[in-house]
Amino acid sequence: MSAHTHTQPQPIGGVIFTRPVIILAAFAGLAGALIVWRFAAGLGATTALNDGYPWGLWIAFDVVTGTALSCGGYAVALLVYILNKGKYHPLIRPALVTSAFGYSIAGLSVMIDIGRPWLAYKLPLFWHWNLNSVLLEVALCIITYTIVLWLELSPAFLERAKSSSVSALRRLGEIGLPIARKSLLWLTAFGMLLPTMHQSALGSLLLLSGPRLNPLWSTTLLPLLFLLSCIAMGFGAVVIEGSLSALFLRRKPETDMLAGLGSAMRPLLVLYLGIRLIDLAVRGQLGALFAFDLYSVMALLEMALLVVALVLLASDAQRRDLGNLFRAAMLLILAGALYRFDTFLVAFSPGAHWAYFPNVTEILITAGLVAGEIAGYIILIKLFPIVAGAPRRALAHS
Amino acid sequence: MPKDNFGFLDERETIGQHLRRCGVSRRQFLELCAKLMVAAPAGLALTSKARASEVAREIAKARRPSVIWLHFQDCTGCSETLLRTSAPDLAELILDLISLDYHETLMAAAGKQAEEALQTAMKENAGKYVLVVEGAIPRKAQGIYMKLAGRPALQVLDEVASQAAAIIAIGSCASWGGIPSADPNPTDAVGVDAIIKNKPIVNIPGCPPNPYNLLGTALQFARYGTLPECDELKRPKFAYDRNIHDQCPRRPHFDAGEFARSFGDNGHRHGWCLYHLGCKGPQTHAGCSTRHFNEVVDAWPIGIGAPCFGCTEQHLAFRVPMFQTVEIHKATPPDTYAPPFTKQGNVSAVAAGVAGLIGGALIGAGLAASRKVGSADSPTAEPEPGKE
């Protein structure tokens, strides 16, 4: 591995509670209060969820879209470890942080969303398992992967502990770091396997809904489409996160690497679009795709977003234009998110008399969780060695 | 508890005292009360009590009212239906619950003896008895078309009614003339309330009425000394507030458009709606469709395949031809069918607005950021030193 050729990650330092962090934390605090209310008053009183749509915003966004966005760690690890592109290694730690936060929030959201959270303790008890359940697979995978992600990040914490002024922490770092580094290989391998399993399983969930899912989305290839689009979304998330942190932390953006990611997205997108269109054709649904009703418009919109992203990523010069790359990444994420929202909410119809739109409480809880995630990310990269690369220029006062 | 409007009932023996004197056991009495609760009209103040023992306590306290029953232009059908009550049966009714002191077709006496019985009953209970009138009263030529013991019916009614505490007009004839008053009404027959103006009158129309309507009214009067709440036609609401059509067991056929078109046709044999055979159910108010006669299942006109002829409505029976359909004033069901599913789940406009704001802000911020990212990256746009 080429781990020694690139710059080592360093803590950013600086003031932790800046104004943006405080505002984000306030949103997170509001969400926390609303979550307390949800547990006190129950789902019926606090959400717009109903018997027809028991899965709402929290599942469609926090779990399904959120974990796909958190596939940055998975996508970059695929590049680095499977395709052996070592030059992308500096992107891994920041991507892992977003992944760890995203998956933690997905797990938290599931706990908020399930009707009887007090029975959740049974999840790890294997004698309660129904081995034919897709949902069990998703639950176990997400729990395990969340743990794996934080363990993969443990070297960052242990490195910081090693340089701490507290002797106990220092000892912990000295002992723990070699162990963590040795087990990293296994953790990484595990961390490759788990998202492959559950990101496709998120698609399998909707296989079970049968005719309730509109034919434009209802295909046995759902698991594959979910997997492909989550990798694309992961790359998109890394591009956005990398450009934004460079912008806000006034560092030199890793344009080469990000442009490289942009190039890596292209075959994925073509593959995804091709599979989708061929699948529609084989199932005889191309007519429905151009019926221009709600469903056809939504499906066409998803594909159009991807096509525009492909156009934006067409040439090397375009990919090296960070603003352009950023917009392409946004489109990718939008398309992936739309695909997930469509599959879980829009194209899913439990009966014409059912309606669902998340209420303000649900939206505020989701928004607050995301705000908390961003605040946590900012705090973490300031305290721990996550981000690599030198500042764009020497600080003026130094 | 309703106020005793008449203020004399406590002088008489109560039903409870009477039953004890006659050797009726508490067990038998409770059974009677339970039967009453099942059979007697819903909404009756006495039987709306929760338990048989409570009904028994109330009825035992009631004073058996003295009842004088007069027949005028009638067919005795109302008395016939009363004879066929089974719970309570006639003996229980006239011996235990009321004191029927004069009834021309039931009493054993005849001629002079009968006249004496009437005079005695009137004298003994002057101002306290209940007068039940069955049949219409002819007014033409000073009432000479009907005479009792040599006097016109008009005169007999005046005399007996003047001493009565309350009057119950049983049957359509006593209520507003009924069949004797049908066109061209040769005897100028009318109901009681067209003649007697200064006494409380309850009309129990029907041809015949369900006997429980009379029983319920009489028992309420016996226990509380009050008459039931009535509508504008003086019919007790507890028995006449329901529309036959709305409660009809054949209503689903009406809603489905399944009609009998002639007697004995396929629809008629299958028990379809009788509206096109002239059923007056849509304009008739009575309890028949839910409380069949004398505890016999389907013992009411529509139950045996005969259209309702509107006997409890002044403007229908004997006024509108038997097989003429009536107008339906309420919205017909096909306009108002309940949907098979009700709307579930609601979409809040505020939430949609909030979601739109957040989504719009995210996309806007993303575009702005992409512009910034692009310009910050271009070599010409190095930020100025010291901007920190």
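Q: How are the axes of helix α3 and helix α13 of chain A placed, and at what angle do they cross?

A: An axis is a line fitted to C-alpha atoms, for a helix over the stretch in contact, and angles run from 0 to 180 degrees between N-to-C directions. Here the axes of α3 (residues 57-69) and α13, both of chain A, come within 10 Å and cross at roughly 145°. The model is predicted: local features need pLDDT of at least 70, side-chain atom pairs count only at pLDDT 80 or more, and totals for chains, interfaces and linings use all residues. Residues are numbered from 1 along each chain as its sequence is written, while chains are lettered from A and ligands numbered from 1 in the order in which they are written.

Q: What is the hand of the crossing of α3(A) and α13(A), and which residues make the contact?

A: A crossing is left-handed if the near helix is turned anticlockwise from the far one by less than a right angle, and right-handed if clockwise. The crossing of these two helices is right-handed. Two residues are in contact if their C-beta atoms, placed from the backbone, lie within 7 Å. From α3(A) the contact takes A:I59, A:A60, A:V64, A:T65, A:A68 and A:L69, and from α13(A) it takes A:I333, A:G336, A:A337, A:R340, A:F341, A:F344 and A:L345.

Q: How many helices and strands are in chain A?

A: Helices (H or I, at least four residues) and strands (E, at least two) are DSSP runs, numbered from the N terminus. Chain A has 14 helices and zero strands. Of the contacts in chain A with a separation of 6 or more, 80% are between residues 24 or more positions apart.

Q: Which residues touch the most other members of the largest nonpolar core?

A: A residue is buried if 20 or more other C-beta atoms lie within 10 Å of its own, exposed if 12 or fewer, and partly exposed in between, with C-beta atoms placed from the backbone. A nonpolar core is a set of buried Ala, Val, Leu, Ile, Met, Phe, Trp, Tyr and Cys residues joined through C-beta atoms within 7 Å. In the largest core, of 119 residues, A:V76, A:A309 and A:L332 touch the most other members. The largest share of this core, 15 residues, comes from α13(A). A second, separate core has 59 residues, including B:V67 and B:L215.

Q: In what order do the five strands of the open sheet in chain B stand?

A: Two strands pair if DSSP finds at least two bridges between them. The order in chain B is β2-β1-β3-β7-β9, with parallel pairing. The edge strands, β2 and β9 (201-204), each pair on one side only. Four bridges join β1 (residues 66-71) to β2, and B:S66 stands opposite B:S99 in β2(B). Strand β2 (residues 99-103) of chain B is mostly covered, as four of its five residues are buried.

Q: Why is B:W69 called buried?

A: B:W69 is buried because 24 other C-beta atoms lie within 10 Å. This residue is in strand β1 of chain B. Leaving out residues up to four places away in sequence, B:W69 touches B:L100, B:Y102, B:H103, B:V132 and B:E134.

Q: Which peptide bonds are cis, and where does a positive phi occur?

A: Most residues other than glycine have a negative phi, and most peptide bonds are trans. A cis bond joins B:D183 and B:P184, with omega about 5°. Another cis bond runs from B:C207 to B:P208, with omega near 0°. A:N84, not a glycine, has a positive phi of about 55°. A:N84 lies in the loop between α4 (72-82) and α5 (92-113) of chain A, and counts as exposed because it has 9 C-beta neighbours inside 10 Å.
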